[in-house]
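Biologist: I've got a fold open here and I'd like to learn how to read it. Could you walk me through a few spots?

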Amino acid sequence: MYTIGAGTNGVAPVRVETRFGSQLVQAPVEIDEDTLRAVAERTGGTYFRATDRAGLEAVYAQIDRLERTRLEEDRFLQYREQYVAWLGAALALAVIALVLRATVLRRLP
């Protein structure tokens, strides 16, 4: 498992939802690097530190170079038949047409 400490320690802008909308508020931030290192060490992984976007992209690139796993997946298609309602409506109309032809719309010779 690879752990990444992303961001800065100290004060950082954090987006907070208020009743007036979302606002950026300066909030204290502290990354627990000791725990991240311990998790990485216990699982046989590595701890990375990224303080900005470029650093995070570099970390992802390094992880990609370290380990590539080919994933296989099974895909299933599920079909739903949609003709049943239309068939029912067509049969009902055919029955109504036959009933009307035999009663109200009957032709006299």
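Biologist: Which residues make the nonpolar surface patch of about 500 Å²?

Modeller: Keep in mind that this is a predicted model. One member of the patch, Leu-93, is found in helix H3 (residues 83-102). The patch of about 500 Å² is made by Leu-93, Ile-96, Leu-100, Val-104 and Leu-105.

Biologist: Okay, is Leu-93 buried or exposed?

Modeller: The cut-off for exposed is over 50% relative accessible area. Leu-93 has 58% relative accessibility, so it counts as exposed.

Biologist: Now the rings. How are the planes of Tyr-2 and Phe-48 arranged: stacked, edge-to-face or tilted?

Modeller: A pair of aromatic rings is described by the distance of the centres and the angle of the planes. The count here comes to 1 aromatic pair. Its rings, Tyr-2 and Phe-48, have centres 6.1 Å apart and planes at 50°, so the pair is tilted.

Biologist: How many residues apart in sequence are the parts that this pair ties together?

Modeller: Tyr-2 sits in the segment before strand E1 (3-6), while Phe-48 belongs to strand E4 (residues 47-50). Tyr-2 is partly exposed at 29% relative accessibility, whereas Phe-48 is buried at 7%. The pair therefore ties together parts that are 46 residues apart in sequence.

Biologist: Last one: which residues does Glu-33 touch, leaving out those up to four places away in sequence?

Modeller: Glu-33 is found in helix H1 (residues 33-42). Its relative accessible area is 18%, so Glu-33 is buried. Not counting residues up to four places away in sequence, Glu-33 touches Asn-9, Tyr-47 and Arg-49.

Notes
Residues are numbered from 1 along each chain as its sequence is written. This is a predicted model: local features need pLDDT of at least 70, side-chain atom pairs count only at pLDDT 80 or more; totals for chains, interfaces and linings use all residues. Side-chain values use heavy atoms; hydrogens and water are left out. Rings of Phe, Tyr and Trp (its six-membered ring) pair if their centres lie within 6.5 Å; planes under 30 degrees apart count as stacked, over 60 as edge-to-face and the rest as tilted. Helices (H or I, at least four residues) and strands (E, at least two) are DSSP runs, numbered from the N terminus. Buried means under 20% relative accessible area, exposed over 50%, partly exposed in between (1.4 Å probe, protein chains only). Patches are made of residues with over 30% relative accessible area and no salt bridge: like charges are joined within 9 Å, nonpolar side chains (Val, Leu, Ile, Met, Phe, Trp, Tyr) within 5 Å. Accessible areas come from the Shrake-Rupley method with a 1.4 Å probe; for residues, only the protein chains shown count as cover. A salt bridge is a side-chain nitrogen of Lys or Arg within 4 Å of a carboxyl oxygen of Asp or Glu. Contact means heavy atoms within 4.5 Å.
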